[in-house]
Structure formats: structure tokens, C-alpha cells
Amino acid sequence: MDDNEYLYELKDSLVTKSELSYIKAIKDDLPEKYILQPQINLSSIIERTDNSCYRNELFRNVDAGIFDRETYKPLVLIEINDDSHNRPDRRSRDIKVKMICEEAGIPLITFWTKYGVNADYIHRTVKTALEQSENPVRQTHDWSKTNINNRKPEPTKKQEDNKSEGGCYIATSVYGSYDCPEVWTLRRFRDRTLSAKWYGRLFIRIYYAISPSLVKHFGHTKWFQKFWKKHLDKLVLKLQHNGFENTPYNDYNR
């Protein structure tokens, strides 16, 4: 029988080549008491508490999960995103997954492939997430504003504006994620200190007008990463010394 006559065939791998490079980097520094498993379906580790027979929102896969080797208790979930996650439909899906994980109390970390495999950053991020899993924090959400309960979300104009203006572009480029300890510290500084003064707000507007182009043209270069990481590391350490935390953070609605 000709191969073309078969309706189904095996994939070459459970993960993509890009995902595999991140998975290898994570496993290289993962303590023996943990196990890394690719392709985790949310419904296999998270359940609804209202006994609803409709739970389609849980039939989504995340790219990997870290579990206790002895008990298989889920500890951390991992997403490895390419540029396709910038599409509106993918962003909507990612937001729902993030909200579900926050309610369930399991850390979710995201790596963006466009920033490349930075082993030091990956190891620090995974270590922080595992530490957070020891004392999980659960966050409730108003699900009436999502279509999880069959209602279509209708973002306000201010919410849409925040999407376009809320990114710490250079810091995200340097540290690899908008949701990581260093950027959480910087976002707190932006919202609590810079936004409180007129000159701080002016700086923010100028920064958001210039930084996207800088990252677009130079974010992939070694000199850009090295220069900004040196200065941002110093700033982050100073801010943390002054009381700005590096724990998960939700932006203010400015």
C-alpha cells in the first residue's frame, strides 16, 4: 500500500525542535527530585470546583510541566511561545490559560523563542517558580468577563490601550519574558513611582514611543543585550533593596 493511502502517521517528535532546545536547557539544571514532562493537558492536572459538566477550557495543552518525581504532584507549568502567540486568538487563549493557572495556584512561566535559549535566565526562572510552588498563591478572577461561561469578552478602550502601552520592551527583551522576577520589580517601580510624578509619566510615554523600535532593530544583538542587562541588573538590585518585590504582579490600569 502506498504511504499516501494512509490517513494517519506518526510525528517525528512529541515536541518541536525549538521546544526541544528549551526542554534540554531546563533538564540540564533540574534537581533529581523533579521530573519534566512535555505536552501537559490542563484537564489532567486541574479540575473545576463547581461540578460543571462543561469544562472545555481545560482541554488545552501547555508545552511542559515540572512534577515531583515521587508523587507526580504538578508544581510548575511552562509555555514556549513563538510569534504565532501574538495573534489575537492565541493571545486570548494564553490569557485564559494564565488565569486558570492563577486560580489553581500553579506557577506558569513563559519563554519566547525569539529571544533564544538563555540557559542562565531559564535556570533562574525555573528555580524561582519552583520556590513559589512551595507556598502557592491562588488568585480569583471574575469569569463572567470571559467566555469560559459562554460569554464573549468585550475589552474596553482603556484595556486595549493598556495592551499597546504596557510592555517593558527593553527589559522583556533582555530577560526573555514580561512575567519574570526582574521585570515584575521594574513594573512595580513604573506603576508605583514613575506614574506618580508628571516627569515620570513623561518618561514612560517617551520610553514606549522609542523602545519598540530599538528592540525590533537591535534586540537580537549581543551588544544590546549585554549593555542593557548590565544597567538593568544594577537598577533591579537597587529597587529590590528599596522594597520593590520580585513576586508575580498585575499591572495597574493606567
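How many disulfides does the structure hold? The count is 0, a disulfide being a pair of cysteine sulfur atoms within 2.5 Å. This is a predicted model, where local features need pLDDT of at least 70, side-chain atom pairs count only at pLDDT 80 or more, and totals for chains, interfaces and linings use all residues. Residues are numbered from 1 along each chain as its sequence is written, and side-chain values use heavy atoms, with hydrogens and water left out.

On the cysteines, C101 is buried at a relative accessible area of 1%, and C180 is buried too, at 0%. Buried here stands for under 20% relative accessible area, exposed for over 50%, and partly exposed for anything in between (1.4 Å probe, protein chains only).

Now for R60, which sits in the loop joining β1 (34-41) to β2 (61-68); strands (E, at least two residues) and helices (H or I, at least four) are DSSP runs numbered from the N terminus. R60 is buried but goes without a salt bridge, that is, a side-chain nitrogen of Lys or Arg within 4 Å of a carboxyl oxygen of Asp or Glu. The nearest side chain of opposite charge belongs to E57, 5.8 Å away. The backbone oxygen of E57, though, lies 2.6 Å from a polar atom of the R60 side chain. Leaving aside residues up to four places away in sequence, R60 touches I40, N41, L42, R93, K96 and V97, with contact meaning heavy atoms within 4.5 Å.

Finally, L235 belongs to helix α8 (residues 222-241) and is partly exposed, with a relative accessible area of 33%. L235 and T185 are 50 residues apart in sequence, yet their C-alpha atoms are 9.6 Å apart in space.

Key
Lys and Arg count as positive and Asp and Glu as negative; His and the chain ends are not counted. A polar contact is a pair of N or O atoms within 3.5 Å; within protein, one must be able to donate a hydrogen and the other to accept it, and residues adjacent in sequence count only if both atoms are side-chain atoms.
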